Amino acid sequence: MKGDDMTVEEMYNNEYEFEDDEDDDSDWDPSAVSDHNNVVEIPKWFCINCTWPNIGHDFHCDLCGEHRESGILQRGFLASSLHPTEQGLAQNGADVAVALQDPSLQSIGSDNRTAIGFDERMLLHEEVVQKSHPHPERSDRLRAIAASLAATGIFPGRCYPIPPREITREELLMVHSLENIEAVELTSQVFSSYFTSDTYANQNSARAARLAAGLCFDLAAAIFSGSVKNGFALVRPPGHHAGVKQAMGFCLHNNAAIAALAAQNAGAKKVLIIDWDVHHGNGTQEIFDKNKSVLYISLHRHEGGMFYPGTGSAYEVGTMGAEGYCVNVPWSRGGVGDNDYVFAFQQVVLPIVSEFDPDFTIISAGFDAARGDPLGRCDITPSGYAQMTQMCSDISGGKLLVILEGGYNLRSISSSATAVIKVLLGENPRHSMEQVIPTKSGLRTVLEVLEVQLNYWPSLKSKLSKLQSDWGLYALHDKKQVKKKKRRAKQLPIWWKLGRKRLLYRLWCKKLS
């Protein structure tokens, strides 16, 4: 039987014999092909900013527009996205990151009250296996933020560096099972390993995870004790997907959960965790699902459970007497921007937080809902992140720790992190967003959350009543837009409706309806 009459499975299993070809190609030499020199190999390069694969000789990324030789690792978001690295830049991204570990920085005076947690050894956590596409959770994320902070004179300069240390096993056991701890530790003996298909580890990953957790633990303790005013944990690997037993979603140990228990060890009675990463923090929710002393609020894409990790519906509220201490704001679509997030803060987050009255606040600050992020595909700007940080700055008497989670566009993550840290330093956001109009889908999500959480937080009753009474105003706002579109549709020549262009007329009217 001829090979072209066989199925792939039959060929694979060798169930049939192939007839010998008439031509013997054992002496075939590709170099003998007369026109082989005319074969053109199309170059492929990955964007340094967003890792998007680009084909050809173009200098700018097809997705984000970043120059292929951008200086974003040298100057952070201040580097031009349109031009290559400026001549004369002495430091690369690694140099900037290492410079932040200069022991002389430890002597910065006590008037620098915002602390930064960072250690260059976390850069060694990398995916070893070379795949067809670079892993989005890569060390350049920290390098770009560090370069931005250095270029803007924030760190080193205006912030206090907290000494790094690795968290102890006893401290990890406050959050994680021995199974999780030993599984992470085992990776230090293996060249390359995976917890899930997208959660990698190498020989340096366990130490990087211990350093990240240790920095978050010590920052929380220092902030609650008053040694520093607030802080930013510039750490990786991220943590909010890591549960009691499992590592997943790029996360090995849960840094936010560890910081929360560190604050409670230092004397905090009630801890608030606000998670604005575009993905639901299923690990953090699991850890505190039965705990009334920790309020977990997450704003994330959900889309009926179709967006990773699939958890985090509005009806997941906590269990075993802790109902209401888990608040999920699950967006029903992508593209969510500043207005929807700030609106949710005003209508849901702040009223519940005011009633809870926490002693310590943690922000799980993923920046993958930022404009331009290749995974999150939402639309929050640096100003939006600054505004949300400002809204959190007075909670808990200002005792606030921001912990880096996700974010995979270097320009977006570095500009957003810088905007957040500026607020921690006392600067006001450039743009005030007091009166915001949400999208219709955003409003529906907020109403759904209020209806669910009203059972546990009585203060929401007035918010829900007012929004329901104002729904007509929002609907009217949408109707005005529709009327404008219909008026534009009427401007089309009326004979299109009856003539040969009637199909085009119908399609146009349908598009505007």
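A search of the whole structure, a predicted model, turns up 8 aromatic pairs. Here, rings of Phe, Tyr and Trp (its six-membered ring) pair if their centres lie within 6.5 Å, with planes under 30 degrees apart called stacked, over 60 edge-to-face and the rest tilted.

Take Phe250 and Tyr408: their planes sit at 85 degrees with ring centres 5.8 Å apart, so this is an edge-to-face pair. It links distant parts of the chain, 158 residues apart: Phe250 is in the loop between β7 (230-233) and α8 (255-265), Tyr408 in the loop between β12 (400-404) and α12 (410-424). Helices (H or I, at least four residues) and strands (E, at least two) are DSSP runs, numbered from the N terminus. Both Phe250 and Tyr408 are buried, meaning under 20% relative accessible area (1.4 Å probe, protein chains only; exposed is over 50%, partly exposed in between).

Tyr325 and Phe356 are edge-to-face too, because their planes are at 70 degrees, with centres 6.0 Å apart. Tyr325, in the loop between β9 (294-301) and β10 (326-331), is 31 residues from Phe356 in helix α10 (residues 338-356). Tyr325 counts as buried at 19% relative accessibility, and Phe356 is buried at 3%.

Elsewhere, Trp276, Phe367 and Tyr385 make up one aromatic cluster.

Some rings also have a charge over the face (NZ of Lys or CZ of Arg within 6 Å of the ring centre and within 35 degrees of the ring normal):

| Charge | Ring | Distance to ring centre |
|---|---|---|
| Lys270 | Phe356 | 5.3 Å |
| Lys399 | Phe224 | 5.8 Å |

Residues are numbered from 1 along each chain as its sequence is written, and side-chain values use heavy atoms, leaving out hydrogens and water. In this predicted model, local features need pLDDT of at least 70 and side-chain atom pairs count only at pLDDT 80 or more, while totals for chains, interfaces and linings use all residues.
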